[in-house]
Amino acid sequence: MPIDVFMTQLSPTMTEGKIARWLKKEGDELVSGEVLAEVETDKATMEMEVVDEGVLHRIIAPEGSVVAVGAPIAVIAEDGEEIPEDYMPDGSDMAAQPEEEVAAEAPAATAEQIVETLAAAPQADEDDEHELQLKPAGVFNADGEYDVVVIGAGPGGYVAAIRAAQLGLKTACIEAKHLGGICLNWGCIPTKALLRTAEIINVIRHHGKELGIGLTTPKPDLARAVARSRGISEKLAGGIGYLFKKNKVEHIQGYARFESGNRLMVEQDGETRQVTAKHVIVATGARARAFPGMEIDNEVVITYMQALVPEKLPKKLTVIGSGAIGMEFAYFYNAMGSDVTVVEAADQILPLEDHEIARVVERSFKKNGIKVITGAMVSKAANVDGRGVVEYEKKGKSERIESDQVLVAVGVVGNTDNIGGENTQMKIERNQIEVDDWYRTDHPGVYAIGDVVGAPALAHVASHEGIVCVEAIAGQAPHRVDYGNVPGCTYCQPQVGSCGKTEKQCQEEGIPVKIGRMSYAPNGKALGLAETEGMVKTIFHAETGELLGAHIVGAEATELIVSLQLARTYETTEAELMHHMFPHPTLSEMIHESVLDSDGRAIHI
């Protein structure tokens, strides 16, 4: 009896595939496990393997044709079987079409038509994460001077503006202060410059002798380190100005505010003018959060803004919060010579990271003289007679710490207070704007991206959201952001890079797992770098081999995690990673060993 071969769903979101290449031709014998064809899916070019053995009798879908999932693509004959010439599989009415014919059948939809189509899309069931959740579409000003106006030039706003201009939309970006936002001027970029100084100081301090440098006692220069970090920020801010000019994005200086009647007003130097646009994207970012009892005065009780430009080094510094911001500043100030104490309410530092990874960082911090207090609920942080006083409760007992300064690093809160949100239909709760999968708000033609739409408050997330937002506005129907595969990075030493689920999350969700681990200690490249502190941890589904999570702590962890995040994006399995060849000698070999360890096959453990 003939064996019908159908287009297989090769990824969860795949609805059709393009036959890129047949690896077998009619008349060839087929052996189970061989590659039958290469298929271009919505994610990548993937291989379709032979399942049923026999002889390839007929190819129904030629190379270049686009075939719906479940439609027939070929017929296999069993050994010696005669198949009638007029035989056609069930479902042959779902005829495969050449890609160019598919494109030619329907004229390209306009942006407005695509927006209307998406607005009418069915809402997702709770168990179907791939259905789009969409709010009604519309425009802010139908006769707007600009197609798109972006409020804010941070990593979400400036990227959205540039992408919109690339798509042929007349675009302006409203920014009152510095292009690049907090990330470039007061966050990601300057902190990394300072952390590089701290890293070199600690290399000399801990490994100067063995590396043959001839120094073991560095002399940190706070003023020079800060000046270097500010210079880097200024250089990159100028670069964004150049990119705006190159892409014909108009930079409008001033503060934007919505007013009734679908008006967007911009104030600068006491003068106010209206800016009209068909679509407005709110990308106003976030500022440092403070909980009740934390009295920030920007002198003794400070935020990251003051911590980036210290006039002098505090003898003692207390850091409240052990997320990425708190840990990075704790590491920097300790390296420069401050006596640092970290206070964290959760039962581990880096609360969002895997517990084993957090323990490695905690041990390293303590070894460097940083005091770590977890499970401590802060009730007060204040300037008391020129001293920073922190009061907290741990295990029912009240405690008190005094220091020269207190850095409050307990997260951020969205900048929604002064944008006139009350004059729109946007839903704003606790400084967070509610949006759909295309970042539409409840006000037609108004969108929001980045920190103002909530966690994760990360620069790369904001940039990605900005691109998806404007591509949807332009009618390109992009892929929705996969918040389950956002890379998290902390740049203290040892660095931390992670993506996907932690071991604890898998346990709580009842997912059967296989876990692999590989230490930095025996890795040849790590030994050569004198960076033997850390580990790689990979978590796979015990039954399917899916890579559920990856966690790295150690040198260059923030670079290494990208390969595992990419593996998750392409739905790479444990078996595929085990078969992959990693270069030697590299830190990346530890990824391979960790994967092998999950199956009891590690070589160097």
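Predicted model: local features only at pLDDT ≥ 70, side-chain atom pairs only at ≥ 80, totals over all residues.
In which loop does Pro-456 lie? Pro-456 sits in the loop between β29 (446–448) and α10.

Pro-494 belongs to the loop between β30 (488–490) and β31 (495–500). Tyr-439 has a backbone feature of another kind. Its phi is positive, at about 70°, although Tyr-439 is not a glycine. This residue is located in the loop between β28 (432–433) and β29.

Helix packing was examined next, with α3 as the reference. Helix α3 covers residues 157–166, and helix α10 covers residues 459–473. The two pack with their axes 8 Å apart. The angle between them is about 30°. Because angles under 35 degrees count as roughly parallel, α3 is roughly parallel to α10. Their crossing is right-handed. From α3, the contact is made by Val-159, Ala-160, Arg-163 and Ala-164. From α10, Ser-463, Gly-466, Ile-467, Val-470 and Glu-471 take part. Sorted by class, this contact of α3 with α10 has five nonpolar, two polar and two charged residues.

Helix α3 also packs with helix α6, which spans residues 222–246. The axes of α3 and α6 come within 10 Å. They cross at roughly 20°. The two helices are therefore roughly parallel to each other. Here the crossing is left-handed. Tyr-158, Ala-161 and Ile-162 are the α3 residues at this contact. They meet Ile-240, Leu-243 and Phe-244 of α6. The contact of α3 with α6 has six nonpolar residues, no polar residues and no charged residues. In the contact of α3 with α10, by comparison, the charged residues number two.

The structure holds three cavities of 30 Å³ or more. The largest cavity has a volume of about 50 Å³. Eleven residues line the largest cavity. Nearest its centre lie Pro-136, Ala-137, Arg-440, Gly-445 and Tyr-447. The lining of the largest cavity divides into six nonpolar residues, four polar residues and one charged residue.

The second largest pocket holds about 950 Å³ of space. Its lining comprises 35 residues. Met-46, Glu-47, Tyr-570, Glu-571 and Glu-576 lie nearest the centre of this pocket. By class, the lining of the second largest pocket has 18 nonpolar, ten polar and seven charged residues.

Definitions and conventions
Residues numbered from 1 in each chain as written. Heavy atoms only, no water. 1 Å grid on protein atoms, 1.4 Å probe; cavity = no way out; pocket = protein on both sides within 12 Å on 5 of 7 lines; lining within 4 Å. Points joined across faces, edges and corners; volume = space filled by probe spheres on them. Nonpolar A, V, L, I, M, F, W, Y, C, P; charged D, E, K, R; others polar. Axes fitted to C-alpha atoms, helices over the stretch in contact; angles between N-to-C directions. Helix = DSSP H or I, 4+ residues; strand = E, 2+ residues; numbered from the N terminus. Parallel < 35°, antiparallel > 145°, perpendicular 65-115°, else oblique. Left-handed = near helix turned anticlockwise from the far one by under 90°. Contact = heavy atoms within 4.5 Å.
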